[in-house]
Structures are given as structure tokens and as C-alpha cells.
Amino acid sequence: MTLFDTHAHYTDNAFNRDRTELLEQLLPAAGVAAAVTAGVDVESSRASVALAEAYGYIYAAAGIHPEDCAGAGGRELEEIRALCRHPKAVAVGEIGLDYYWAENPPKEFQREIFRRQLALAREVGLPVIVHDREAHGDSLAIVKEYPEVTGVFHCFSGSPEMAEELLKRGWYLGFDGPITYKNAKRAPEVAAVTPLDRIVIETDAPYLSPVPNRGKRNDSRNLPYIVEKLAEWKGVTPEEMSEITFENGLRLFPKVRV
């Protein structure tokens, strides 16, 4: 099975102990042929580019996450812009809106930083990786303001109707470990309306481990559990689903070379 993890965070401190072994040996041995490690602020975006420079199959996304956008301004966005011009930077991300945590930056400021990064993506000609948590209406409304920009709604948690609206506009949808959870009632409905050629698989490592490893640190070796669940829902074999999602990842991120 050849796998493309379109969303991970291998710069996270959770990987400090064994990052080199994992990226050099364990992931390639498990069939992971491509992975995108996403930034959440300037520092992690810079570190993601450094990892991409060090490992041929690793690619970077640079962006400012809504949870981490407090204090972000022109200087930080200029640094993200510069990182996005790196040959192995394939997306602007992780960007978006997060209304879940009360302590997050004010919603209005989140929206401003989201808009500025969508404009940046339009400028540099890259897709975006969108984080949307408890902000479905605003997330959809804002991406509609930038019709030239598409990408992926990471760990999509919206309604089937929202999914259809995004798909109509050329977006991809990311499916992660939570689709394997018992309470994943909406995910099968979203998968049902999503064509095979718009599905990508993600871990969000080190977060969101699928069953049977829920609660443990996640990494790209857990992708087969997501593949198997999607294959079951879409009526294809796991091998077909891994091949389909790999090709989808290459279309989503055209700068990736394998």
C-alpha cells in the first residue's frame, strides 16, 4: 500500500525523541511515499521547510493557525510569504478559523488573518490547508470571497451540504482518524457525497489517532485504518483507495514530486 499523508505536524515536540528514526526509516518502511508537514506559526513553518529539505518525501506547508494567530501582523505574514516561495513548500497552511476554544484570539481577528493568508495564497499561487472548527458558516463565507483559491478542508467536520458546496468550487476534503470513532455519524454522510477523486487522507500527527490506537501519539503508519474505513464506505478495496488518495494528493499539491 502506497500512502500520502497530506497533513501532519512532524515539527511537534511529541516527535523530539524519535523524529529521525521515524522519518528516515519507519515511515518509508510502512509505505509512506509522501507527507506534508504543516506549520502553525512562523517558527513551525520554518521548521517544516527544514524537514522538507532534509527528507526527499517530506513537503512543507507554511501558515499561521487560528489558535496561534495572536499578535500576527505584517512581519509574520511576510515571513510566511517568503517560506511559501521555497521549492518544497506546497501549500499555505494550516490556516482558518477555530471558534471552539474560548481563549482563542478574537473571532474578528481570526477572520482578518485568515483573509490575509488566502490573499497570500492567491498571490503565490499555492493551495491552502484550512482548519475549520465550530466555524463552518464563516469559513465557507470567507473562502467564497477568494474563488481563485482552493485546497483542502482539513479533517472536514461540516455538513454534507457544506461539503457539496466546497466540492462544487473545486475543493478537496481531508479525512482523519475520527472517521473510525463510534460517534462518527456525519462522516459517512460526507463521504457518500464526496467523489473518489476529491478525498485525501490525513493523520494530523501527533493528534487524532484512529481506532485501535486512539489516545496514543499518531503518525503516518496509522493511515491504513483511515484507508480501510473509507474503502468500506465507498465500495472499493483498501489498495484501490490508497492508490486513489495518493493520486488525489498529487493533484491537490502539484509541487510534490515522487
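Is the crossing of H4 and H5 left-handed or right-handed? Keep that in mind as the tour begins. The model on screen is predicted.

**Stop 1: two helices**

Select residues 107–124, which form helix H4, and residues 136–144, which form helix H5. Two packed helices are described by the angle between their axes and the distance between the axes. Here the angle is about 35°, and the axes lie 10 Å apart. The crossing of H4 and H5 is right-handed.

Now show side chains. From H4, pick Arg 111, Phe 114, Arg 115 and Leu 118. They meet Asp 138, Ser 139, Ile 142 and Val 143 of H5. Colour this contact by residue class: 4 are nonpolar, 1 is polar and 3 are charged.

**Stop 2: the sheet**

Switch to a cartoon view. Strands of a sheet pair through backbone hydrogen bonds, either parallel or antiparallel. Which pairing does this sheet have? The pairing is parallel, in an open sheet of 8 strands. Follow the order S1-S2-S3-S4-S5-S6-S7-S8 across it. From one strand to the next, the twist averages 25°.

Zoom in on S6 (residues 151–153) and S7 (residues 172–175). These parallel strands are joined by 2 bridges. Select Val 152, and opposite it in S7 you will find Tyr 172.

Bring H4 back into view. H4 packs on the sheet, where it touches strand S4 (89–98) and strand S5 (128–133). The direction of H4 makes about 160° with that of S4.

**Stop 3: the largest pocket**

The largest pocket holds about 1100 Å³ of space. Which residues are closest to its centre? Select His 131, His 154, Cys 155, Asp 204 and Leu 208. The whole lining has 43 residues. Elements that give two or more residues to this lining are helix H2 (42–54), S4, S5, S7 and helix H7 (186–193). By class, the lining divides into 16 nonpolar, 12 polar and 15 charged residues.

**Stop 4: backbone details**

Most residues other than glycine have a negative phi, and most peptide bonds are trans. The next selections depart from that pattern.

Go to the loop between S8 and helix H8 (223–234), where Pro 206 lies. Ala 205 and Pro 206 are joined by a cis peptide bond, with omega about 10°. Pro 212 is also in the loop between S8 and H8. The peptide bond from Val 211 to Pro 212 is cis as well, and its omega is near 15°.

Finish at Glu 134, in the loop between S5 and H5. What is the phi of Glu 134? It is near 55°, a positive value in a residue other than glycine.

Terms used
Residues are numbered from 1 along each chain as its sequence is written. This is a predicted model: local features need pLDDT of at least 70, side-chain atom pairs count only at pLDDT 80 or more; totals for chains, interfaces and linings use all residues. Side-chain values use heavy atoms; hydrogens and water are left out. Axes are lines fitted to C-alpha atoms, for helices over the stretch in contact, and angles run from 0 to 180 degrees between N-to-C directions. Helices (H or I, at least four residues) and strands (E, at least two) are DSSP runs, numbered from the N terminus. A crossing is left-handed if the near helix is turned anticlockwise from the far one by less than a right angle, and right-handed if clockwise. Contact means heavy atoms within 4.5 Å. Ala, Val, Leu, Ile, Met, Phe, Trp, Tyr, Cys and Pro count as nonpolar, Asp, Glu, Lys and Arg as charged, and the others, Gly among them, as polar. Two strands pair if DSSP finds at least two bridges between them. On a 1 Å grid over the protein atoms alone, a cavity is a set of points where a 1.4 Å probe fits but cannot get out, and a pocket is an open set with protein on both sides within 12 Å along at least five of seven lines; lining residues have an atom within 4 Å of a point. Grid points are joined across faces, edges and corners, and a volume is the space filled by probe spheres set on the points.
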